[in-house]
Amino acid sequence: MKSIYSLSLDEMQDWLEDKGEKPYRADQIWQWLYRHHVASYDEMTNIPKTILDQLKQEFIFSPLRTQIIQKAQDQTTKFLFELQDHSMIETVLMYHHYGISVCVTTQIGCNIGCKFCASGLIPKVRDLEAGEIVAQIMFIQRYLNQQAKGEKVSHIVVMGIGEPFDNYDNVLQFIRIVNSDKGMAIGARHITVSTSGLAPKIRQFARENIQVNLAVSLHAPNNETRSSIMKINRQYPIEELFEAIYEYIHLTNRRVTFEYIMIDGVNDRPEHAIELAKLLRPMLKLAYVNLIPYNPVAENPFERSSEENIARFYDLLMQNGVNCVVRREHGKEIEAACGQLRSQYERQRREKRARRTKEELRQLSQARKANQVQN
């Protein structure tokens, strides 16, 4: 079943009218969902039981079941959720000086296959429905409510497991629900969507007439280096990617953030910084570079750049007029990089399953031997 969170307000009204109910009930249901943050249908005390019963029959309330919660010293908290089909996804809660942000997952697995990324270790199984993405935000908000500190989710980053623009329609539905004045009312400028570089979708996104921020995972200033770590560059090389970005800037006049993971010996040399500055020169006023210290992944061979190399890279960009920042790290000790917790969990589950199989085979062998002795 779909989650109740998958429905827009208009879709909720249509569903009620199809059932012979008054459409104003949709506003009441949305208030319970997005203002009161209820955890079940039974908490909607002013909704008739007949409607609640029909909702229960057709829509699961929340598709998430918590498997692991990890909290770091800086209060960054990572959640591993199990969905109805037993797939695993991750969501991360982060505290900043400007508010509380949540990083959401949009796919089970990822087909982009960036060599440095934990998310790409498991190929894409399916897209998440809009409600499965919304449910991540609502779970975190209820989690914050339980802390009784009056804290609210203020920012959303769509940068978790998966490529958001490979699940375009569901991601847009998610954004419209959480951005709605009658939904979570999270401002569009407080929402950032990150893409690895699906050029046609960047062009489409530019025409959506929404003020959501765009981030591009660039990670290299030339095709040779980028293709060696990001296979998406073979389909949409830097020239085509930047044509789409220029079009986005022309149509929206909005700044684009370029994510750049600093990997030792791969993309962190001074010549890379100079080349990146040249690449961004035509859009300096609307370009912003986010330098990200790499979180090593056990299954991958890469290491993070030294602090000295990161500082030198940063200085070269600034000297060449590029606005940039070195991203503050969140939750390093809890493996907060996308996909790390899920990969660890899946690895442990496979090992446990293998041990169980081995033990079952051992017991079967002993039983056969005992049976032979009796015979």
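Predicted model: local features only at pLDDT ≥ 70, side-chain atom pairs only at ≥ 80, totals over all residues.
1. Domain layout. The chain is divided into domain 1, covering 4–58, and domain 2, covering 65–349. Taken over C-alpha atoms, the centres of domain 1 and domain 2 are separated by 33 Å. To the contact between them, domain 1 contributes 14 residues and domain 2 contributes 17 residues.

2. Area of the domain interface. The size of an interface is often given as the accessible area lost when the parts come together. For domain 1 and domain 2 the buried area comes to about 1200 Å², and carbon and sulfur atoms account for 56% of it. On the domain 1 side, the residues that lose the most area to domain 2 are Y5, Y34 and H37, which together make up 47% of what that side buries.

3. Charge pairing between the domains. How many salt bridges does the rule find across the interface of domain 1 and domain 2? The rule finds one. As for individual salt bridges, D27 forms one with K182, and the closest N and O atoms of that pair are 3.2 Å apart.

4. Aromatic cluster. Y5, W30, Y34, Y41 and F61 form one aromatic cluster.

5. A pair of aromatic rings is described by the distance of the centres and the angle of the planes. The structure holds 15 aromatic pairs, and one of them joins F165 and F205 in a tilted arrangement, with 5.2 Å from centre to centre and 50 degrees between the planes. Because F165 lies in the loop between β9 (155–158) and α5, while F205 belongs to helix α6 (residues 199–206), the pair ties together parts that are 40 residues apart in sequence. Both F165 and F205 are buried.

6. The pair Y260 and F313. Y260 and F313 also form a tilted aromatic pair, for which the centre to centre distance is 5.1 Å and the angle between the planes is 35 degrees. Here distant parts of the chain are linked, since Y260 is in strand β12 (residues 256–262) and F313 is in helix α11 (residues 307–319), 53 residues apart. Y260 is buried, its relative accessible area being 1%, and F313 likewise counts as buried at 1% relative accessibility.

7. Charges over rings. The charged end of K201 sits over the ring of Y168, at 4.9 Å from the ring centre. The charged end of R255 is placed over the ring of Y288, at 4.3 Å from the ring centre.

8. Positive phi at A185. Most residues other than glycine have a negative phi, and most peptide bonds are trans. A185 has a positive phi of about 55 degrees although it is not a glycine. This residue is found in the loop between α5 (168–179) and β10 (191–195). With a relative accessible area of 40%, A185 is partly exposed.

9. Positive phi at H219. Is H219, whose relative accessibility is given below, buried or exposed? H219 counts as buried, at 4% relative accessibility. H219 is not a glycine either, yet its phi is positive, at about 65 degrees. Its place is in the loop between β11 (213–217) and α7 (223–229).

Note on methods:
Residues numbered from 1 in each chain as written. Heavy atoms only, no water. Helix = DSSP H or I, 4+ residues; strand = E, 2+ residues; numbered from the N terminus. Buried < 20%, exposed > 50% of the residue type's maximum accessible area, 1.4 Å probe, protein only. Phe/Tyr/Trp six-rings, centres within 6.5 Å; stacked < 30°, edge-to-face > 60°. Lys NZ or Arg CZ within 6 Å of the ring centre and 35° of its normal. Domains from an automatic or database assignment. Contact = heavy atoms within 4.5 Å. Buried area = accessible area lost by both parts, 1.4 Å probe. Salt bridge = Lys/Arg side-chain N within 4 Å of Asp/Glu carboxyl O.
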